[in-house]
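These notebook entries record what I looked up, beginning with a helix contact and then turning to aromatic rings.

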Amino acid sequence: MMFDPISDLSARPVRSILQILQEGVQTVFHLLLFSLLVLGFGGLTLWLKDPRFIQIKPTVIYVGLAAVLLVGLWRGKALLKWLFGPIFPGLDEQGWRLLSRNWAIFFLALAAANEVMRQMLSFDTWLALKV
């Protein structure tokens with residue numbers, strides 16, 4: 001049986017919102033941002049009946065994350081320290097800058113790989129690789 005992205009997308013945002021409400025999780029910025037991205041790209045997919053928007057979503061997220069990390073480095077702040085500081089207490093400022101730079105490069109590589117796969121593979125093959 002083939003995967004139908006249109007029917008799956010219609011239920012996914014509702015399930016996510018219900019899960020958040022059920023668990024009593026406080027809405028945080030990144031959760032809200034990713035939910036809006038899923039709703040936006042999912043809505044475009046449903047409205048235009050074109051699954052390409054779902055294929056583009058990972059690229060947008062990866063480029064966005066890389067951009068946030070690179071802008072942070074450009075401004076002299078390793079933003080991963082703010083996020084992961086308590087988890088890695090032994091890293092110095094140089095280590096945080098290198099970690100942020102490396103993660104930004106990794107996100108850009110993921111975006112490029114997604115775009116190559118999106119252009120070269122059928123939707124079903126792309127989806128099988130993503131899942």
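Which residues in H3 meet which residues in H6? I found that Ile 54, Gln 55, Pro 58 and Tyr 62 in H3 meet Phe 123, Trp 126 and Lys 130 in H6, where contact means heavy atoms within 4.5 Å. These residues divide into 5 nonpolar, 1 polar and 1 charged.

I noted the sources. This is a predicted model, in which local features need pLDDT of at least 70 and side-chain atom pairs count only at pLDDT 80 or more, while totals for chains, interfaces and linings use all residues. Residues are numbered from 1 along each chain as its sequence is written, and side-chain values use heavy atoms, with hydrogens and water left out.

I next looked up the packing of helix H3 (residues 52–74) and helix H6 (residues 123–130): the angle is about 45°, and the axes are 10 Å apart. H3 and H6 are therefore oblique to each other (angles under 35 degrees count as roughly parallel, over 145 as roughly antiparallel, 65 to 115 as roughly perpendicular and the rest as oblique).

I then searched the whole structure for aromatic pairs (ring centres within 6.5 Å; planes under 30 degrees apart are stacked, over 60 edge-to-face, the rest tilted) and found 5. Tyr 62 and Phe 107 are stacked, at 6.4 Å centre to centre and 15° between the planes. This pair links helix H3 to helix H5 (residues 93–120), 45 residues apart in the chain. Both Tyr 62 and Phe 107 are buried (under 20% relative accessible area; exposed is over 50%, partly exposed in between).

Technical notes. Axes fitted to C-alpha atoms, helices over the stretch in contact; angles between N-to-C directions. Helix = DSSP H or I, 4+ residues; strand = E, 2+ residues; numbered from the N terminus. Nonpolar A, V, L, I, M, F, W, Y, C, P; charged D, E, K, R; others polar. Phe/Tyr/Trp six-rings, centres within 6.5 Å; stacked < 30°, edge-to-face > 60°. Buried < 20%, exposed > 50% of the residue type's maximum accessible area, 1.4 Å probe, protein only.
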